[in-house]
Amino acid sequence: MGRKEAREIALHLIFELSFKEFYDEDAISDRLEQTVMESLAGDIALYAGELTEEQKEYIRKTVVGVCTYHIELDAIVEKYSTNWKTNRLSHMTMSLLRLALYEMKYAEDVPTGTAIDEAVELSKKYESKEASAFVNGVLGAVAREKAE
């Protein structure tokens, strides 16, 4: 299992926490326990195998970072979402955008292009074609402004 799979697991946690008060340290820690991973592996192949400490650290840091900065990240989405309000976007689309924006802004080891590409690929897996175009458009606009 590599960073790509760890990112997808982080997305699942961000999505799950978006239905709660947004931060639940127990949920993050519990989800990364090997017994929980094994119990989910029967339904979701992604959870088969054992996470390395590096992967667990990436997931924790990313999910906690998104939880910490979600208001700021949501404001960025709002700013770049032409003719869309964040409350009209699905929880998954918002989770994808929050994850990618967190990586673009705060994860020094993730190139901007990688954050965008991975978010678009995940949106193709979990959302509609239109949603992936929207995700790409928002993240591309943020990246262009960041580069200026």
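Helices are DSSP runs of at least four residues, numbered from the N terminus. The model discussed here is predicted.

Q: Which helix holds Q55?
A: Helix α4 covers residues 53–80. Q55 is part of that helix, so the name asked for is α4.

Q: Is Q55 buried or exposed?
A: A residue counts as buried when its relative accessible area is under 20%. Q55 has a relative accessibility of 7%, so Q55 is buried.

Q: What distance separates the C-alpha atoms of Q55 and E5?
A: Along the chain, Q55 and E5 are 50 residues apart.

Q: How many helices are in the chain?
A: The elements run α-α-α-α-α-α-α from the N terminus on. The chain has 0 strands, and its number of helices is 7.

Q: What percentage of the residues in the chain count as buried?
A: The cut-off for buried is a relative accessible area under 20%. The chain has 148 residues, and the part of them that counts as buried is 47%.

Q: Among contacts between residues at least 6 apart in sequence, what percentage join residues at least 24 apart?
A: A contact means heavy atoms within 4.5 Å. Among contacts in the chain between residues at least 6 apart in sequence, the part joining residues at least 24 apart is 69%.

Q: How far apart in space are K4 and E118, C-alpha to C-alpha?
A: K4 lies in helix α1 and is partly exposed, at 45% relative accessible area. E118 is one of the buried residues of α6. K4 and E118 are 114 residues apart in sequence, and their C-alpha to C-alpha distance is 7.7 Å.

Q: What span should helix α6 have at 1.5 Å a residue?
A: The expected span is 1.5 Å times one less than the number of residues. Helix α6 (residues 112–126) has 15 residues, and its end C-alpha atoms are 21 Å apart. This agrees with the span that α6 should have, which is 21 Å.

Q: Which helices do the buried residues of α6 pack against?
A: The buried residues of α6 are A115, I116, E118, A119, V120, L122 and S123. The helices they pack against are α1 (3–17), α5 (91–106) and α7 (129–147).

Q: Which residues does L122 touch, not counting residues up to four places away in sequence?
A: L122 lies in helix α6 and is buried, with a relative accessible area of 7%. Its C-alpha atom is 9.8 Å from that of M92, which is 30 residues away along the chain. Not counting residues up to four places away in sequence, L122 touches R7, E8, L11 and L96.

Q: What covers the buried residues of α7?
A: Helix α7 has 19 residues and reaches 27 Å from its first C-alpha to its last, close to the 27 Å expected. Its buried residues include F134, V135, V138 and L139. What covers the buried residues of α7 includes α4, α5 and α6.

Q: Are α4 and α7 roughly parallel or roughly perpendicular?
A: The axes of α4 and α7 come within 9 Å and cross at roughly 100°. Angles of 65 to 115 degrees count as roughly perpendicular. Therefore α4 is to α7 roughly perpendicular.

Q: How many nonpolar residues are in the contact of α4 with α7?
A: From α4 the contact has I76, K79 and Y80, and from α7 it has V138, A141, V142 and E145. By class, the contact has no polar residues and 2 charged ones, and its number of nonpolar residues is 5.

Q: Is the aromatic pair of F15 and F19 stacked or edge-to-face?
A: The count of aromatic pairs comes to 3. In the pair of F15 and F19, the ring centres are 5.1 Å apart, with 85° between the planes. Planes over 60 degrees apart count as edge-to-face, so the pair of F15 and F19 is edge-to-face.

Q: Is F19 buried or exposed?
A: F15 is partly exposed, at 27% relative accessibility. The cut-off for exposed is over 50%. F19 has a relative accessible area of 53%, so F19 is exposed.

Terms used: Residues numbered from 1 in each chain as written. Predicted model: local features only at pLDDT ≥ 70, side-chain atom pairs only at ≥ 80, totals over all residues. Heavy atoms only, no water. Helix = DSSP H or I, 4+ residues; strand = E, 2+ residues; numbered from the N terminus. Buried < 20%, exposed > 50% of the residue type's maximum accessible area, 1.4 Å probe, protein only. Phe/Tyr/Trp six-rings, centres within 6.5 Å; stacked < 30°, edge-to-face > 60°. Axes fitted to C-alpha atoms, helices over the stretch in contact; angles between N-to-C directions. Parallel < 35°, antiparallel > 145°, perpendicular 65-115°, else oblique. Nonpolar A, V, L, I, M, F, W, Y, C, P; charged D, E, K, R; others polar.
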